[in-house]
Each structure stands twice: as structure tokens, then as C-alpha cells.
Amino acid sequence: MPETAARAPDPSPVLDVTDLKKHFPIYKGVLRRQVGAVYAVDGVSFSIRAGETLGLVGESGCGKSTVGRTVLRLTDPTGGAIKVDGEDITHRSRKDLRPYRRQLQIIFQDPFSSLDPRMSAGDIVGEPLKVHGLADATERRQRVAALFDRVGLRKAQMNDYPHQFSGGQRQRIGIARALALRPKLIVGDEPVSALDVSIQAQVLNLMMDLQKEMGLAYLFISHNLAVVEHISHRIAVMYLGRIVEYTDKRTLFTSPQHPYTESLLSAVPVPDPTIKRQKRVLQGDVPSPVNPPKGCHFHTRCPYAVDRCRVEAPALREVKPGQLAACHLR
Amino acid sequence: MSASATPTPLESAATAPERKRWAALRDSDTLYSFLHSKVTIAAAIVTLLIICGALFAPWIAPHNPFDLREVNLINSNLPPAWMAEGNKDFLLGTDDQGRDILSTILYGSRISLSVGILSVAFAAIVGIVLGLVAGYRGGAVDTVIMRIADVQLTFPAILIALLIDGSVRAMVGGQRNEEMVFWVLIFSIGLSFWVQYARTVRGSTMVEKSKDYVLAARLIGIHPIKILFRHVLPNVIGPVLVIATINLALAVILEATLSFLGVGLPPTQPSLGTLISIGNNYLFSGEWWIAIFPGITLAALVLAVNLVGDWLRDALNPKLR
């Protein structure tokens, strides 16, 4: 697996995102005039190669899920470019997007709302094949059976309905559905955060096995640093719609460069009560993405903030070889 | 996780769904609650009896009230068979034209029920489609559809039905035929009921469309219209069935009211409402049976259907289980 550092642009990324922006307009009044916008994603760039996992971390509301959904074109981007295998899909219509649907799939967070309760598990997994006309009924059944087998479900369960499965099993159905079209990239939108810790490990290991087998690329969105550390090769840390640090896993956990990453890492619980650590608890709340702070988004809570931070937004630049951070002080 | 259990061969799974469906029905809470509610069972039996009576009227009715060779004015205004002047040929007596009341009731409920069922179907289709579109698209489409619904809700159903009926009559003039009256009635009753369906379906659609399985369907590349009918509709149809059952009773009453007021079906094609309307003229001259028996039938039908609808609402509502 490539443990090399972040170096954009990559030679042949499966997914290449440049300066992605997603602003949700806010309307008010009888005339529905636009009075502002939620700057959910405000200039995010990254790329993912085949067989690689990019972890996207940040606290809730920082825009990481919106990145996932915009990349999949479930919501339309306000600006920037999304390239899949070198093809620009940023502005493709629903019809022209169809061939790319096969290459990009998603695993959802909530295993209860992500499966249609009125469809049997087998039909749910087989539906992508049906819609894309990839297999007739008999072949489809065989392929669905193979997928069930692969994700660790019994073939006899194909006729059962979602409510007859446990949360972990439902997540396996969701993975099987995502795999049905043999995609190149799967977006995991907090795929394990709704599961028990023991089940989390099973699902994570399944995802990693599948990656080795099929050369899948993952965009793994999570707020759980331990989970991200387990599965990712590279990690991007988001704060209020922007990436503040972007590097490979080991570098991030051993020598974080951005003050936000530092405090994020110090908040990870360590399963050993004898270890005494210096905790750096941030003051205040995350500012509203409707009205983000001027300059560096983090300056309102940053212990090192200087005057420059309040005026000028820092660019994401290489502060050490292979390590990108958006901070004036590094 | 049961994933570690021994895998079953594919063949045995293939025969399972049908057996499973029966087992699911047998074990379902719905059937249990049905069998444990005596009122519901009675209501269901009454409903079934009236529906069967209407369905098989040509075979079980003792007379054909529309066959002029069988109708004899000598037999007019006969009381029920058990009364002094009664004739055993006419169990529930006869009307002013000598038609057997029991037979006219059987034929009449046939017309009442078909108007009721067809207008409910019409209302449900219009309401479901508009509700799905309004809920899924949102924005201006939603606003326009729901404002129209709000405005219509300020008028009583009977007024809307009268308005539509009246304007069609005015447009067509004197040359209207019975066939058309039937369809105009269905159209006007149906159009006065669609709002309820649209509102219910819109609300549930808005909940369902934000769920991840709809996003997953979009991501697969399914056409939005297919998503609506294949994924969203099956998940919002439950409450619609309940409304439809209760509306069926309302539609039958509305038809009876319109017929009673004289804007419904003509006396040559009498529905239960028309029969009551005819009988009303004789109520004070002592021939009570002409109005009372169709009235009892109508009341029994409406009550029974309503009770079944009420039970269905409770049985399908997970919060009341």
C-alpha cells in the first residue's frame, strides 16, 4: 500500500477534487430573497488513488459529509471540479452521469434508513445490477448470492427483509449493494459509527479485505480518529468547510502541524488510565458556517493566533515534505 | 453474527418466499388484532354481505326491478310480507311503481358501491400522484399544489360536488344520458376528496425522501419517477389504505345525499340514495318501508365500512400496538 505522503496532483488518481465548494443558500421573507449562505464546503482539494483510503475527519458540522455527497453528485457543487479517472463530472447531467454511477458508490452511516424496508435483502443488493441491465434474473441471483457470501451473510437470508437483520448485518447488506456494480471508489459516510465497537471492527476489517481484493479506493468520512487511524493511508482534517491538514497517517499522528489537529489528537481517549496526558481543551464553540470568521477559520479558538490570522486566510501548503497544513505559523 | 453459520444451499431458498408469506400472514399482528376484535369481525361480515349482495344481485334478487315485464302497477305500495296486506312474493314490500324493495336495494347498493369505489379510486390516484410530486419536488411545485388543496379544503365536499355536477349539467344541456350522470357523479365526488390523500402522501414522502435508501437509489442511477413509484410509494401507501376505507363510506353517503337532493342518479337507475329520496315522498302517507329499508342498508354499510376502517387505522399504526 502506498504510504507515501500527500503529493497533489497524483499521477493517476481515481478521484481528483480541486477547490470544491458547496454553499447552501438561505432564503427569507415572502419574496424568498437570498439573504446568505451556509458555507458548508469552502474550497477543498484532495485526490485518491486506486487501493488507497483517504480518511476525512473533523467534528460534526465541518462539512465532511457534504464533501462526500457532493463528490458523488448527490448535491450539486457550487464551484470547483470533480474528476473521476481524469473525466470531469462536475457539471454532467443526470443522464450523462450514469456511466460514472457504476464507479462511485456509498456506504451510509445509518443502517436502518439506508435499506428500503419493503424490499428483500436480495432485491436490494440486486437492484443496481437490474437498473444497469448487467445480468438477467438467474445470473443476478447468482451474483447476489456471491456478494452475500463475500460480505459474510448467508445465502438463505436473501429473502429476508431489512427488519429481520441486526445493525451490523444491515451494514453488510449496504456494503454488498455498494459492491454490486464493482465500483472503483466507495465513499464511507461514517459507515461504522452507528455500530457496536465489536461489530465496528468486523465491518472495518471486511472493508479492508475488500480493498486488498478488488483494489478499491475509499473516501472514509468519520469523526472517530481511532477508526480513521485503523483504516486510512492518508488523512485530511477538516475544520469549518476547509482542509486544515493533509498528510499520511503516521506523520499526522506523530507530528501534527496544525494547532487544530493537535487538540483533536489530544482528545482521543487512550484505553489506559495510568497514562497521564496533557489535554488541550479548545475554548468556545465551532463558529457558524453561515458566518465564518474572517481570515483563518480557526483563529477564534486557536491558542497561538496572531493578528495575521484574523485577516488573511492561510493557504494549504507543504510545511514539511509530504505534509500539508493551512497555518501561517508553520 | 449469524454470518458464521453454515450456508444453506441456494435451491432451498428459492422455494421459501411463498411459504414465508403465508407464515408472515399467520403470525402477523394485524391478523391477531382482527381475530380479537368482535366488532371488527361483525363489521367485516356485514360489509362482505352487502358487497356480495350487490355483486350477485342479478342472480339472487327475487325480481328484476328494471325489467318492465316483471313490474305490475297492481303490486304498487305493498307492505312487507309479514304485514296483513303483504304479499309473500315481495319480502320487503314494493314501491309506488310496484318494484320489489328487496331487489331494488340489491341493485341499488350495486350502483352506490360502484360510485363509491370508483370515486375513491379516482380521488386516491389524483391525490397520491399530486402528493408524491409535491413532496418529492418541493419548492414552487409543492407550494402551488398545496395552496390549491388548502383553498379547496375551505369548501365543504358536498358543495364542490354540487358545483361540478351543476356546471357539467349546464355545459351539456338537456341531452345528458344516464351513463354520463354516473361518471359525472364519480368525477365530482372524487375531486372533492383528493386533498386528504395529497396531504397525507406529501407528508410521508417528505419524510421518506430524506432517508438514505432514496439517496442510494439515486446513486445507482434510477430515474426519479421510478424511485417515486418503486421505493417511495410502497412506504407511504399504508395510511392511504386507511383513508380510502373511511372515504368509501363518505363517498357512498355523498352519493346518497346528491341523489336525495335530486342531482344524482335518476329514478330509472336508482341508487340507495335515490330509493330513500323516492320513499321520502311516501313517508307521511304510511308507506314507510320504501324509505326505511334502503336507509337501514345504507346506514349498515356505512357503519360497517367505517368500523373496518377504524380498526385498520389502529392495526397499521405502530404507536397504538
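Just after helix H1 of chain A, Arg73(A) takes a positive phi of about 60 degrees. Helices (H or I, at least four residues) and strands (E, at least two) are DSSP runs, numbered from the N terminus. The structure is a predicted model, in which local features need pLDDT of at least 70 and side-chain atom pairs count only at pLDDT 80 or more, whereas totals for chains, interfaces and linings use all residues. Residues are numbered from 1 along each chain as its sequence is written, while chains are lettered from A and ligands numbered from 1 in the order in which they are written.

H1(A) itself is mostly covered, with seven of its eight residues buried. A residue is termed buried if 20 or more other C-beta atoms lie within 10 Å of its own, exposed if 12 or fewer, and partly exposed in between, the C-beta atoms being placed from the backbone. The buried residues of H1(A) include Lys64(A), Val67(A), Arg69(A) and Val71(A).

An open sheet of four strands in chain A has the order S2-S1-S4-S5, with antiparallel pairing. Two strands are taken to pair if DSSP finds at least two bridges between them. Strand S2 (33–48) and strand S5 (87–88) of chain A are the edge strands, each pairing on one side only. Helix H1 (residues 64–71) of chain A packs on this sheet and touches S1, S2 and strand S4 (79–84) of chain A; the direction of H1(A) makes about 110 degrees with that of S1(A). Here contact requires that the C-beta atoms of two residues, placed from the backbone, lie within 7 Å. Axes are lines fitted to C-alpha atoms, for helices over the stretch in contact, and angles run from 0 to 180 degrees between N-to-C directions. Within the sheet, strand S1 (residues 15–28) of chain A and S2(A) are antiparallel and joined over twelve bridges. Lys22(A) stands opposite Val41(A) in S2(A).

Strand S3 (residues 53–57) of chain A pairs with S9(A) in the parallel sense over four bridges, and Val57(A) has Val237(A) as its bridge partner. With strand S10 (residues 242–248) of chain A, S9(A) pairs in the antiparallel sense over six bridges; Val237(A) stands opposite Glu245(A) in S10(A). S9(A) and S10(A) form a hairpin with two residues between them, and Leu240(A) in the turn has a positive phi of about 50 degrees.

The domain assignment, which is automatic or from a database, divides chain A into domain 1 (15–103 + 183–325) and domain 2 (114–180). The C-alpha centres of these two domains of chain A lie 30 Å apart. Eleven residues of domain 1 of chain A are in contact with nine residues of domain 2 of chain A. On the domain 1 side, helix H6 (residues 197–214) of chain A provides the largest share, five residues.Just after helix H4 (residues 137–150) of chain A, Gly152(A) takes a positive phi of about 85 degrees. Thr138(A) and Glu139(A) of H4(A) are exposed.
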